[in-house]
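Have the structure open beside you as you read.

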2 protein chains.
Amino acid sequence: MLVIGENINASNKSVAEAIANRDREFLEGLARAQAEAGADFIDVNTGAGQGSVEDEIASMEWLVEIIQAATDKPLAIDSDVPHIIEAALRKYRGERLIINSVTAEPERLASIGTLAAEHQAWLVALAMGAEGIPKSVEQRLAACEQIMTYLSRLGMEAGQVLFDPLVLPISVDSSQGLVTLKTIEQIKSRYPAARTVMGLSNISYGLPNRKVINRAFLVMAAHAGLDAAILDPLDAKAMSFVKAADMLTGKDPFCKGYIRAYRKGAIVD
Amino acid sequence: MLVIGENINASNKSVAEAIANRDREFLEGLARAQAEAGADFIDVNTGAGQGSVEDEIASMEWLVEIIQAATDKPLAIDSDVPHIIEAALRKYRGERLIINSVTAEPERLASIGTLAAEHQAWLVALAMGAEGIPKSVEQRLAACEQIMTYLSRLGMEAGQVLFDPLVLPISVDSSQGLVTLKTIEQIKSRYPAARTVMGLSNISYGLPNRKVINRAFLVMAAHAGLDAAILDPLDAKAMSFVKAADMLTGKDPFCKGYIRAYRKGAIVD
């Protein structure tokens with residue numbers, strides 16, 4: 001499973017302050033620590049609605065510069081504002097890139113989809129339209145189909161798309177775990193070349209001991225066909241379950257990845 | 001998910017000694033602790049090949065007497081020797097009962113299957129014949145079909161059968177996690193009224209930090225359709241994942257079971 005390290009996100013107060021204060025050392029450390037812990041991509045999120053768009057553009061440019069100087073891991077540019085994504089693209093020199101994210105809304109597909117197509121980026125596509133997260137599998141798949149149709153016309157291939165099945169809290173609706181898992185299975189069945197990606201924490205919203213729930217959901221999603229997860233790679237237990245899940249789903253021949261992680265002390269109980 | 005507490009098993013040296021010494025207090029304590037930790041059934045295994053059949057019969061009679069005096073949880077009689085199962089049945093007064101286990105071998109189906117049919121017990125049916133654990137899904141399903149055909153003729157219903165898909169170590173063959181998971185899915189599809197059951201520990205044989213692997217496999221199996229697990233209910237982390245898995249697969253309306261377990265301090269990270 002691909003791991004997209006989520007830690008450089010301005011919704012985290014210490015990260016927001018570090019960005020505002022241009023605290024290069026703190027943010028470089030966060031990038032390096034995630035890379036060392038096994039992140040395949042480093043997500044970069046400068047927040048939304050905190051300051052002016054000009055400020056955010058300046059922050060994104062600065063952040064992309066310093067993060068790619070600190071690690072050779074590719075970045076995931078986490079914004080739904082085209083100007084901010086463009087700011088990141090101006091500064092980014094890596095070959096591989098994720099843009100995170102677009103929805104089925106035509107104006108977003110036109111702007112962000114076109115940016116992804118032009119830069120041959122991978123694109124996270126949320127299985128929703130303007131109405132928010134749909135409750136049913138069918139509605140989510142309908143959004144995926146709109147997205148795939150639009151992106152195909154822009155020349156993008158399924159292999160560039162990371163569909164996010166989306167997650168609603170299980171505390172609100174007991175069926176939502178299965179809705180997300182079935183959406184993953186259906187996406188993998190309909191678009192075999194496309195990937196699936198998911199953030200974990202929404203599932204456990206409003207419940208205690210959320211990490212247990214998040215880890216169990218990660219493992220189930222791996223079985224359903226999840227290809228990538230947006231998570232905290234410094235959570236050693238979560239990363240241990242990623243390695244175990246890869247092994248159990250036949251993605252780790254001879255258990256080499258698991259045993260290598262164990263020898264580094266990275267498999268914890 | 002139904003939990004069959006595995007701790008009273010003479011392959012564990014301290015249990016074997018307690019049985020040999022008729023250490024009633026130790027074994028009663030083990031039964032009560034498992035019941036309090038959430039076991040739905042208490043497995044009772046007096047070992048095999050340690051002493052004479054007469055000794056084992058006497059041990060099983062004594063053990064069934066004292067365990068059912070210590071807890072009102074139903075028992076799983078864990079033996080493949082008809083005389084020993086009969087000894088347990090002579091002493092057992094509970095309504096619900098599991099006999100663990102039979103295979104597709106006709107002589108075992110004739111003896112143990114008949115005992116289960118006569119006592120209206122649930123029967124664990126291993127998806128294998130005389131040749132040992134098959135490597136493929138198809139061979140395991142063929143064994144299940146032979147078993148179901150035979151037990152139907154004895155008047156047993158699918159609802160009395162707990163199919164064990166069987167588990168081979170992932171360290172020996174990277175595909176074996178998926179083989180077991182697909183076998184579970186296929187059994188649930190072919191025999192919707194039947195249940196599935198599994199012991200966990202074989203999957204991680206030969207690998208380090210086995211509990212991480214076992215827990216991840218338990219959660220995946222729950223997603224594949226596992227109805228019951230044979231495990232150590234005193235392993236609080238494993239039980240936490242059982243509760244999380246029930247919730248995530250839609251089996252815990254309003255998260256009541258999870259929250260109740262949390263309030264008892266039984267959800268641990």
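How much area do domain 1 of chain A and domain 2 of chain A bury between them, and what share of it is on carbon and sulfur atoms? The answer, for this predicted model, is about 940 Å², with 69% of it on carbon and sulfur atoms.

**The two domains of chain A**

Domain 1 of chain A brings 15 residues to the contact, and domain 2 of chain A brings 10 residues.

**Where the chains meet**

Now to the contact between the chains. The size of an interface is often given as the accessible area lost when the parts come together. For chain B and chain A, that area is about 3400 Å², and 72% of it lies on carbon and sulfur atoms. The contact joins 41 residues of chain B to 41 residues of chain A. Within chain B, the residues that lose the most area to chain A are Met220(B), His223(B) and Leu248(B), which together account for 22% of what that side buries.

Two packed helices are described by the angle between their axes and the distance between the axes.

| Helix pair in chain B | Angle | Axis distance |
|---|---|---|
| Helix 4 (residues 82–91) and helix 5 (residues 106–118) | about 10° | 10 Å |
| Helix 8 (residues 210–224) and helix 9 (residues 236–248) | about 20° | 10 Å |

Because angles under 35 degrees count as roughly parallel, helix 4 of chain B is roughly parallel to helix 5 of chain B. Pro82(B), Ile85(B), Glu86(B) and Leu89(B) of helix 4 meet Ser111(B), Ile112(B) and Leu115(B) of helix 5. By class, this contact has five nonpolar residues, one polar and one charged.

Helix 8 of chain B and helix 9 of chain B are likewise roughly parallel to each other, and their crossing is right-handed. Helix 8 makes the contact through Arg215(B), Leu218(B), Val219(B) and Ala222(B), while helix 9 uses Lys237(B), Ala238(B), Phe241(B), Val242(B) and Ala245(B). These residues divide into seven nonpolar, no polar and two charged.

Key: Residues numbered from 1 in each chain as written. Chains lettered and ligands numbered in written order. Predicted model: local features only at pLDDT ≥ 70, side-chain atom pairs only at ≥ 80, totals over all residues. Heavy atoms only, no water. Axes fitted to C-alpha atoms, helices over the stretch in contact; angles between N-to-C directions. Helix = DSSP H or I, 4+ residues; strand = E, 2+ residues; numbered from the N terminus. Parallel < 35°, antiparallel > 145°, perpendicular 65-115°, else oblique. Left-handed = near helix turned anticlockwise from the far one by under 90°. Contact = heavy atoms within 4.5 Å. Nonpolar A, V, L, I, M, F, W, Y, C, P; charged D, E, K, R; others polar. Buried area = accessible area lost by both parts, 1.4 Å probe.
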